[in-house]
Amino acid sequence: MCKFALFFDPTCKPVRDAHLYNKYCYNTAVTGNDLKSARTASNWTQAKAAHRLGVTQAYLSMVERGNRPVSDDLTSAALQVFPLPATARLIEDRPAAKAGEEFFKRALGELGYPGFAYMESQQLLNPAELLLLALDSEDLDARVTEALPWLPFHFPEMNWNWLTSESKARDRQNRLAYVALLASDVAQKRGDTQVAEKLHSRVTALERSRLANEDTLAKSSMSQAERKWLRTHRTPSAAHWNLLTDLKAEDLQHVF
């Protein structure tokens, strides 16, 4: 049962913290304020939006005020009605083992990654979900790996609570921290201090859960010779996060 279930009262009493309920009980980071912003940007009245969303105006009013959580069903309807960002998409439970090279390239292209923008995809993934799937892969194509920092760079408001929690559950927090750190470094080099600081704060938050075991950046099949070489040639940051990789921010300027 969701640990915030006690906040939800089916008898229609207000929930105590709808935002927290959304974070932990639904696979969406959409808030009532997001829906209100999307509605007003469309110049729709609350009555018109409620009709298109298939709910009552009174219910939509409570959601917009934060007195009701944004359910998965309401999020699905809103994604059909409003031009919500990719970070509003529902997060589904997809095993990484089924996500091959073609899957990642098409999904990145659909989200706008320049390197694969020419590829079409029927998959509409939340950026946080796509990043976790990639981080949880044993062996990624090199071009897919170097694309990963582009996700937090372009979607810094992705659902970090879910992403961090799931990464820890799969012992992928070191990979997540390093990808976020690369994205932060690229943002800093581009003069986007706000994004750089925001992403660096995500890295700092992962420090206490840093794993001591050696890992790769989704390239588990590398040879012993490669591993030995990387132990002496990786960046200090990669060494800090116990990752065998030579990927650094300077290598990513051409992919952003």
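I take a contact to mean heavy atoms within 4.5 Å. With that settled, I looked at how far apart in sequence the contacting residues lie. Among contacts in the chain with a separation of 6 or more, 67% join residues 24 or more positions apart. I note that this is a predicted model.

**Entry: the whole chain**

I went through the secondary structure next. The chain has two strands and 14 helices. Then I checked burial. The chain has 256 residues, and 49% of them count as buried. I also looked up the surface.

**Entry: Gln173**

I picked Gln173, which sits in helix α11, residues 173-189. Is Gln173 buried or exposed? Its relative accessibility is 4%, so Gln173 counts as buried, because the cut-off for buried is under 20%. I then listed its contacts, leaving aside neighbours within four places in sequence. Gln173 touches Ser167, Lys168, Leu206, Ser209 and Leu211.

I counted salt bridges and got 16. I looked up two of them in helix α6.

Glu101 pairs with Lys105, and their closest N and O atoms are 2.7 Å apart. Why are Glu101 and Lys105 separated by about one helical turn? They are four residues apart in helix α6, residues 101-110, so about one turn lies between them. I compared cover at the two ends. Glu101 is partly exposed at 41% relative accessibility. Lys105 is buried, with a relative accessible area of 12%.

Glu102 and Arg106 form a salt bridge too, at 3.2 Å from N to O. Both belong to helix α6, and they also sit four residues apart, about one turn of the helix. Glu102 counts as partly exposed at 41% relative accessibility. Arg106 is partly exposed at 31%.

**Entry: Lys219 and Glu226**

I moved on to another pair. Lys219 forms a salt bridge with Glu226, and the closest N and O atoms are 3.3 Å apart. Lys219 has 36% relative accessibility and counts as partly exposed. Glu226 is partly exposed as well, with a relative accessible area of 32%.

**Entry: a network**

Which residues do salt bridges with shared partners join into one network? I found Asp136, Glu138, Glu166 and Asp215 on the acidic side, with Arg170, Arg172 and Arg175 as the arginines.

Notes
Residues numbered from 1 in each chain as written. Predicted model: local features only at pLDDT ≥ 70, side-chain atom pairs only at ≥ 80, totals over all residues. Heavy atoms only, no water. Buried < 20%, exposed > 50% of the residue type's maximum accessible area, 1.4 Å probe, protein only. Salt bridge = Lys/Arg side-chain N within 4 Å of Asp/Glu carboxyl O.
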